[in-house]
Amino acid sequence: SMPPEFAEVTDGELAKSVQAWQQAKAACAAEGAEPPLPPLNQCQRRFCRRLMPWLFDARRARASDEEGRAEWGPRLAKKHGSVHLLLGAGGTGKTSMLQVLEDVMLRQGFGRIAFLSYMGVAAALLQHGNTLCTGLGMSPEQLASS
């Protein structure tokens with residue numbers, strides 16, 4: 001089933017979730033504790049819901065003894081694609097969404113995800129983030145060339 005972090009909600013329900021998160025975040029700050037992850041906005045939820053069929057299929061394939069990753073990986077990549085590009089201006093919530101996505105994936109047994117960014121500053125914001133060059137094993141000169 002769809003993780004609650006990605007579920008369709010009304011704007012009013014989302015506003016209540018944001019208010020509860022802000023209160024929890026303030027309480028954590030006062031205690032010096034790690035704050036909870038924020039609720040996702042409507043666009044972030046839609047993006048994550050589009051990923052879920054791929055994740056559900058991959059989890060089922062990994063659990064099945066019928067075929068190995070060498071077979072199911074290309075099959076699922078052909079069905080769903082293997083790369084999802086996330087674009088947005090600074091401050092639009094890309095990093096927060098990826099943190100929530102990774103938390104859901106680990107908690108629900110989907111496995112890990114590779115986060116690659118063009119700039120090192122963006123990669124440094126994520127615990128498992130890398131630049132495109134590092135993630136693909138390339139030099140910056142190779143990335144800049146055709």
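For sorting lining residues by class, Ala, Val, Leu, Ile, Met, Phe, Trp, Tyr, Cys and Pro count as nonpolar, Asp, Glu, Lys and Arg as charged, and the others, Gly among them, as polar. The structure used in these exercises is a predicted model.

**Exercise 1.** State which residues line the second largest pocket, and sort them by class.

*Solution.* Begin with the space itself, for which the computed volume is about 180 Å³. Next, list the lining, which is made up of L37, Q99, E102, D103, L106, L125, L126, Q127 and H128. Finally, apply the classes, which gives four nonpolar, three polar and two charged residues.

**Exercise 2.** Describe the largest pocket by its volume, its lining and the elements that contribute to that lining.

*Solution.* The largest pocket holds about 1200 Å³ of space. Its lining consists of 43 residues, of which H84, I113, A114, F115 and L116 are the closest to the centre. Two or more lining residues come from each of α2 (42-63), α3 (69-80), α4 (94-107), β1 (115-117), α5 (120-124) and β2 (129-131). By class, this lining has 25 nonpolar, 14 polar and four charged residues.

**Exercise 3.** Check the length of α4 against expectation, and then work out which of its residues are buried and what covers them.

*Solution.* At 1.5 Å a residue, the 14 residues of α4 should span 20 Å, and because the end C-alpha atoms are 20 Å apart, the model agrees with this expectation. With burial taken as under 20% relative accessible area, the buried residues of α4 are M97, L98, V100, L101, E102, V104 and M105. The cover over these buried residues includes α2 and β1. After α4 comes G109, which has a positive phi near 75 degrees.

Note on methods. Residues numbered from 1 in each chain as written. Predicted model: local features only at pLDDT ≥ 70, side-chain atom pairs only at ≥ 80, totals over all residues. Heavy atoms only, no water. 1 Å grid on protein atoms, 1.4 Å probe; cavity = no way out; pocket = protein on both sides within 12 Å on 5 of 7 lines; lining within 4 Å. Points joined across faces, edges and corners; volume = space filled by probe spheres on them. Helix = DSSP H or I, 4+ residues; strand = E, 2+ residues; numbered from the N terminus. Expected span 1.5 Å × (residues − 1). Buried < 20%, exposed > 50% of the residue type's maximum accessible area, 1.4 Å probe, protein only. Contact = heavy atoms within 4.5 Å.
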